[in-house]
Amino acid sequence: MDDCIIIGGGPAGLTAAIYLSRYHLKIRLFDCGSSRAALIPCTHNHAGYPEGVSGLDLLAAMRAQAEKYGTVREAAKVTALRTVDGGFAAQIGEREVRARSVLLATGVVNHRPPMPDGLHDAALAQGRIRYCPVCDGYEVTDKRVAVYGTGEHAAREALFVRSFTRDVTLIAPDAHDLPPAQQAELDAAGIERIDGPARDWAIEGEELTLSAAGGRFAFDSLYPALGSHIRSELAVQAGARADPSGCLEVDDHQRTSLAGLFAAGDVAKGLDQISHAMGEAGVAATTIRNMLNAEAPLWR
Ligand SMILES: Cc1cc2nc3c(=O)[nH]c(=O)nc-3n(C[C@H](O)[C@H](O)[C@H](O)COP(=O)(O)OP(=O)(O)OC[C@H]3O[C@@H](n4cnc5c(N)ncnc54)[C@H](O)[C@@H]3O)c2cc1C
């Protein structure tokens, strides 16, 4: 039986892999290759990179670092997870792999606006579509920005963006139906509302253009605020508790409600950021090491 199976090879899973490998533990990392970090054209808020770094370069450096210390990494999807005597069994295709502990670092998937995939990806690469004002609100300082969504979540996001620029428009996927208090807050911030759905999306020069109620509009950037799918199914299936949104509940050592199962990164409740994912993974890895050591000393 291995010491730990890490599911997910984004910033959280790879950080845990570096720590656990350097603790001389026998680990295995499975990753199906859809890290949100891989979508980042260039992050400017990740400390240590004054000129910014692309998500792909950051992931490649982390993979190289994990492999240097002996991490066994497989490009494969874990399809099921269950508890067994002394630990866990993970299903990968026809194969079953067992370990005394598991770290789930499977992240989330953002819901996309209704536009063709090719156009979406081109707009993302150019910073016309952005997903995270915490990450890159600075880059839209004093620009024309749209937030695509409605309800409390999207209104909060629009108000967050307002501290970077005065030109913020909230576009509903259908029709806005906001409570009066929220409308008043948006009015006070000068945030215009437009009913959707948005259609005829295009990139024209330096602008993202779209049609919605009232005509055609152009923005420097648009933030979809349509929520995310939290990839916590494996943990929930095994018996761990998630909140109503699907985020795994963890304690301050990244332990889920199921003994031996840990979670780090976006899949766990908390700030969805690379730095946070890495910090949580360091905590999880060290707690896993200490838990295994308490069961049987890890002396060399
Ligand atoms: C466009 C964009 C820009 C962003 N910019 C920034 C930024 O500037 N700064 C910042 O701090 N954050 C930024 N973020 C957020 C950041 O990308 C995430 O917070 C970070 O990637 C979370 O890391 P993670 O390891 O938890 O999840 P992820 O990076 O999403 O990795 C999860 C991994 O788990 C794998 N996986 C899932 N299910 C399975 C399974 N069943 N079996 C095997 N593998 C599985 C996936 O393939 C994936 O590789 C941005 C996000 C986006 C989308």
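Y23 counts as partly exposed, at 28% relative accessibility; the term covers the range between buried (under 20% relative accessible area) and exposed (over 50%), using a 1.4 Å probe and protein chains only. Y19 is also partly exposed, with a relative accessible area of 36%. This is a predicted model, in which local features need pLDDT of at least 70, side-chain atom pairs count only at pLDDT 80 or more, and totals for chains, interfaces and linings use all residues. Residues are numbered from 1 along each chain as its sequence is written, and side-chain values use heavy atoms, with hydrogens and water left out.

**Aromatic rings**

A search of the whole structure turns up three aromatic pairs. Rings of Phe, Tyr and Trp (its six-membered ring) pair if their centres lie within 6.5 Å, and planes under 30 degrees apart count as stacked, over 60 as edge-to-face and the rest as tilted. Y19 and Y23 form an edge-to-face pair, because their ring centres are 6.5 Å apart and their planes stand at 80°. Y148 and W201 are edge-to-face too, with centres 5.5 Å apart and planes at 75°. This pair links distant parts of the chain, 53 residues apart: Y148 belongs to strand β8 (residues 144-148) and W201 to strand β11 (residues 199-204). Strands (E, at least two residues) are DSSP runs, numbered from the N terminus. Y148 is buried, at a relative accessible area of 1%, and W201 is buried at 9%.

**Salt bridges**

Side chains of opposite charge can pair when their charged atoms come close. How many salt bridges does the structure hold? There are 22 of them, a salt bridge being a side-chain nitrogen of Lys or Arg within 4 Å of a carboxyl oxygen of Asp or Glu. Here are some examples.

| E96 | R98 | 3.1 Å |

E207 lies in strand β12 (residues 207-212) and R144 in strand β8, so their bridge ties together parts 63 residues apart in sequence. E207 is partly exposed at 25%, as is R144 at 27% relative accessibility.

Finally, a network of salt bridges links D2, K26, R28, E74 and R95.

Methods
Helices (H or I, at least four residues) and strands (E, at least two) are DSSP runs, numbered from the N terminus.
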